[in-house]
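This report examines a few selected residues of a protein and then its pockets. Please keep the structure in view while reading.

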Amino acid sequence: GQIAPHKGVHVLIEAFRSLDSSDGSCELRIYGDMSRFPRYGERLRRLAKGDPRVRFEGVIENRRVPEVLTDLDVLVVPSLWYENAPLTILEAQAARVPVLTSDLGGMAEMVRHGVDGLLFQVGDPQDLAVRLRELVENPDLLPRLRTGIPPVWTLEQEFLELVAIYGEVS
């Protein structure tokens, strides 16, 4: 994903750093181009303060997205602005990865809290930390959320649904 101030990566790092997982049970992997907004990238590195649980993975090629997603337990989208329909969330759902996201705009419309993911108050690292702890302390939660992710429609299914909608309004 894009690493820019409006994407809220600093909120995620702050929330994650408050978790007590010195046993190595949790790690945070941040993917994206840190050089596009270099001052923000430096801010994120300072927030991570050399915490070995926080890894800056850099940019990944589009073809590797499914591979990376299947290696994740949860995808966190901490955006601070009104996203319409983030492709990142759709990709995670297609890979059957639960999403933890801000309760704002299209993000909140794409994730059903407690069904296929979790929502947290936009810009609030404490609320995000509560949700992260919930995932860590309830090992049955992730599998339950994973089973709540609806199957991804095929292109044909999308087309037929669109034709049906147009048929109803014409």
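The side chain of D124 makes a polar contact with the backbone nitrogen of Q126 at 2.9 Å; such a contact is a pair of N or O atoms within 3.5 Å, one able to donate a hydrogen and the other to accept it, and residues adjacent in sequence count only if both atoms are side-chain atoms. D124 sits in the loop between β5 (117–120) and α6 (125–137), where helices (H or I, at least four residues) and strands (E, at least two) are DSSP runs numbered from the N terminus. D124 is buried and has no salt bridge, and R131, the nearest side chain of opposite charge, is 9.7 Å away. Buried means under 20% relative accessible area, exposed over 50% and partly exposed in between, with a 1.4 Å probe and protein chains only. A salt bridge requires a side-chain nitrogen of Lys or Arg within 4 Å of a carboxyl oxygen of Asp or Glu; Lys and Arg count as positive, Asp and Glu as negative, and His and the chain ends are not counted.

The model is predicted: local features need pLDDT of at least 70 and side-chain atom pairs pLDDT 80 or more, whereas totals for chains, interfaces and linings use all residues. Residues are numbered from 1 along each chain as its sequence is written, and side-chain values use heavy atoms, without hydrogens and water.

Most residues other than glycine have a negative phi. K49, which is not a glycine, has a positive phi of about 45°. K49 lies in the loop between α2 (38–48) and β2 (54–58) and is exposed, with a relative accessible area of 65%. R96 also has a positive phi, near 65°. R96 belongs to the loop between α4 and β4 (99–102) and is partly exposed at 31% relative accessibility.

The pockets come next. A pocket is an open set of points on a 1 Å grid over the protein atoms alone, where a 1.4 Å probe fits, with protein on both sides within 12 Å along at least five of seven lines; lining residues have an atom within 4 Å of a point. A volume is the space filled by probe spheres set on the points, which are joined across faces, edges and corners.

| Pocket | Volume | Lining residues nearest the centre |
|---|---|---|
| Largest | about 1200 Å³ | R29, Y31, L72, L75 and V76 |

In the largest pocket, β1 gives the largest share of the lining, 4 residues. The second largest pocket receives at least two lining residues from each of α4, α5 (105–110) and α8 (155–169).
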